[in-house]
Amino acid sequence: MTRPIFFLTDFGLADTYVGVVKAVILGIAPGATIVDLTHDLPAQDVRAGAFALWTAAPYLPPDAVVLAVVDPGVGTARRPIAVEAEGRLYVGPDNGVLSWVVGGEWRGVTLDRPQFWRPMVSASFHGRDLFGPVAAHLASDVPLDEVGSPLDALVRLPFPSPLRDLDASGTIGAVRSEVIHVDRFGNLITNLTAADLPPDPIVTVAGRTIRGLVPHFQATAPLIALIGSSGLLEVAVPNGSAASALGVGVGAAVVVRSVTIHP
Amino acid sequence: MTRPIFFLTDFGLADTYVGVVKAVILGIAPGATIVDLTHDLPAQDVRAGAFALWTAAPYLPPDAVVLAVVDPGVGTARRPIAVEAEGRLYVGPDNGVLSWVVGGEWRGVTLDRPQFWRPMVSASFHGRDLFGPVAAHLASDVPLDEVGSPLDALVRLPFPSPLRDLDASGTIGAVRSEVIHVDRFGNLITNLTAADLPPDPIVTVAGRTIRGLVPHFQATAPLIALIGSSGLLEVAVPNGSAASALGVGVGAAVVVRSVTIHP
Amino acid sequence: MTRPIFFLTDFGLADTYVGVVKAVILGIAPGATIVDLTHDLPAQDVRAGAFALWTAAPYLPPDAVVLAVVDPGVGTARRPIAVEAEGRLYVGPDNGVLSWVVGGEWRGVTLDRPQFWRPMVSASFHGRDLFGPVAAHLASDVPLDEVGSPLDALVRLPFPSPLRDLDASGTIGAVRSEVIHVDRFGNLITNLTAADLPPDPIVTVAGRTIRGLVPHFQATAPLIALIGSSGLLEVAVPNGSAASALGVGVGAAVVVRSVTIHP
């Protein structure tokens, strides 16, 4: 049995691009299990891809092969790479899309061995011609070392770390962050974990203030804040869309203060 | 080989929610076949989920495991359940989403045994943390009795049964129903079967009247009525969208009279 | 192991139509691998289906079974067929959707043997009741000859061949073509291959002129022309949408001249 392949792109599903990559993979690794993580990332949005991978990775099987193709620079000098981290294998362009998910120890290769690619490599579809085939070979237990030459460093996308204001006494006064993703339900997802929050938090976004967190989406308040399923602070409208209600999206400022500090 | 899992949600495909549930399932049941029924149900629309399951179920293999997660009450007291009916297994919240598909004899359990869940269960994503894992165990032939405690009754969503007007002689004069689903082609699908219709039916919807049924979508009339592929009365525009042409959607009134009664 | 099935329709993913066809297939061929090519073809657009198949086919495994259901005439006299070409098997309605992919040698059958269908065949969903079951049987190695009677000819959809203007000396002056597909990135894809183009091409579309081709999408020009991943001439906006920028879509005229002929 081959290792399962988890597939993430900005290709959309209206064209046959995703299906064709899967066809090429199955030509190399017949019977392989291929699971779509999503193909509806905003077109050419490397950061959205990095966020999606970072939140999904903890739930992937330990033998997962991840194929991540958000590749606005396809055909240029950006390197194709494959990286192993925590046992899982990641394949994609070296443009930052893999950089948030590869946080701790890792080892990687530059994909420079054409025997693991399609015989003809187009300038504009490396998902089909290079990344997909390499993922198929890795899923078929070709060792990482064989598909490329050692990689020293990968391109790192700056992680949007929250800023902390300190007051005169050195206590954290406010945590400044932003909306990093809006999901299908219109929930505004930040990059703040529970550990980032001050006690008794007051969340401000789009001029609206939310006092305290609730445990789940079923609440009577019109606007709520909670720690969502990825462990990140979210702002939501119960049975509605916070993005629509507040008229904001990715990049909107989110500030968290403590009720005990600023009463 | 594991039993095939059929997966239905309102998660959409733009986030990684669906992919992450599949990843968790494959971690428990490697190589499992997982088929998407749809993930584009209107957000938090339990009734749309119940309808989709009800129309799809007759075509599922007899050993199907169905994972149905439309769960606006996630994190609240609504029970997680698994039910066996006609040999198939259904897993989801006890909020009515399973109630139309479980019509005749059934047996079920409340999912109250954490050894079949992920070790950490979030308050807002039971698809990933509870329902998906239980479906994976059931697909791997863990008996239904083992994953929970016996269930006496499940939450029933009222089925939108058609109303029948009787005239003075006790004959059915008109059947009053509604549009219960609009499909991708803009066809207006009702909950009326052929058996519900009077002879020589005249269908009225949105002020428009259609005399008689046609056998298929290729007709010369601008607006047609037919018994669709799920055995339900549909109103359609050949090579067009009835929903757009008439400007109506789910909930629109549909009345069927008989030409022989109201000439 | 069964042969992999590649599945293409205009059903969309919002209904359970696609999932139900897969359920029926798995009931006949348990464990079959089914890959979506796309289900978001424009509704009832046979030509878009023919184009999608034609561009995807070269990348399919040699043992692929292709299930192509774009079928506005479902229920009428159009024949259901299955065709073998270059080792691959294609199943669908005989309305032209298979005609561009079946270019060279082929053999085929009319699907006239109900023992390979569902017991009840609806008038409006042959994907579920007839084409899907036949594809499942073919994937399970039932020979093509068994599922139907020999087919002499199939319905051919005219291929939009480019027109070539000749000047007084008989030299090709201009090649006249059109946009045949707009992809998810807004790229305008024509039916011209590199072999169709004159030397030093100048591409004109929507009143805009592009001098020369670039090798990939990362270019400094606001509007570019290149040979895309399917080997076809495309017009693109780097990191943007040519369809939006130019306000054109499928059917828009594209003219290619040679800089050396019309300086």
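A:Leu60 sits in the loop between α2 (46-56) and β3 (65-69) of chain A. Helices (H or I, at least four residues) and strands (E, at least two) are DSSP runs, numbered from the N terminus. The model is predicted: local features need pLDDT of at least 70, side-chain atom pairs count only at pLDDT 80 or more, and totals for chains, interfaces and linings use all residues. Residues are numbered from 1 along each chain as its sequence is written, chains are lettered from A and ligands numbered from 1 in the order in which they are written, and side-chain values use heavy atoms, with hydrogens and water left out.

Is A:Leu60 buried or exposed? A:Leu60 is buried, at a relative accessible area of 4%. Buried means under 20% relative accessible area, exposed over 50%, and partly exposed in between (1.4 Å probe, protein chains only). Residues up to four places away in sequence aside, A:Leu60 touches A:Phe6, A:Leu37, A:Val66, A:Arg88 and B:Ala23. Contact here means heavy atoms within 4.5 Å. A:Arg88 is 28 residues from A:Leu60 along the chain, with 8.4 Å between the C-alpha atoms.

**The interface of chain A and chain B**

The contact between the two chains involves 31 residues of chain A and 34 residues of chain B. The size of an interface is often given as the accessible area lost when the parts come together. For chain A and chain B the buried area is about 2,400 Å², and carbon and sulfur atoms give 60% of that. Buried area is the accessible area (1.4 Å probe) that two parts lose on being put together, summed over both. Which three residues supply more than any other three of the area that chain A buries against chain B? They are A:Tyr59, A:Arg184 and A:Phe185, with 28%.

Polar contacts do cross the interface of chain A and chain B: 10 residue pairs, both at pLDDT 80 or more. A polar contact is a pair of N or O atoms within 3.5 Å; within protein, one must be able to donate a hydrogen and the other to accept it, and residues adjacent in sequence count only if both atoms are side-chain atoms.

On the side of chain A that touches chain B, β1 (5-9), β2 (34-38), α2 and β9 (172-182) of chain A each supply at least two residues. β2(A) gives the most, with 4 residues. By class, that side of chain A has 16 nonpolar, 11 polar and 4 charged residues. Ala, Val, Leu, Ile, Met, Phe, Trp, Tyr, Cys and Pro count as nonpolar; Asp, Glu, Lys and Arg count as charged; the others, Gly among them, count as polar.

**How the copies are related**

Chain A superposes on chain B by a rotation of 120° with 0.0 Å of shift along its axis (RMSD 0.0 Å). A rotation of 120° with 0.0 Å of shift also superposes chain B on chain C (RMSD 0.0 Å). That is the relation of a three-fold axis. Copies are superposed by least squares on the C-alpha atoms of residues with pLDDT of at least 70 in both. In chain A, A:Thr33 comes closest to the rotation axis, its C-alpha at 4.9 Å. In chain B, the closest is B:Thr33, at 4.9 Å (C-alpha).

Why do the copies meet through different surfaces? Only 6% of the interface residues of chain A are also interface residues in chain B, so the copies meet through different surfaces.

B:Asp196 lies in the loop between β10 and β11 of chain B. A:Asp71 lies in the loop between β3 and β4 (80-85) of chain A.

| Residue | Relative accessible area | Side-chain polar contact |
|---|---|---|
| B:Asp196 | 17%, buried | B:Arg164, 2.9 Å |
| A:Asp71 | 11%, buried | A:Arg78, 2.7 Å |

Neighbours up to four places away in sequence aside, B:Asp196 touches B:Pro162, B:Arg164, B:Val175 and B:Asn191. On the same terms, A:Asp71 is in contact with A:Arg78, A:Pro93, A:Asn95, A:His126 and A:Phe131.

**Positive phi**

A:Ala206 has phi near 55°, a positive value in a residue other than glycine. A:Ala206 is in the loop between β11 (201-205) and β12 (208-211) of chain A, and is partly exposed at 42% relative accessibility. B:Asp200 has a positive phi too, near 45°. B:Asp200 is in the loop between β10 (188-193) and β11 (201-205) of chain B. B:Asp200 is partly exposed, with a relative accessible area of 44%.
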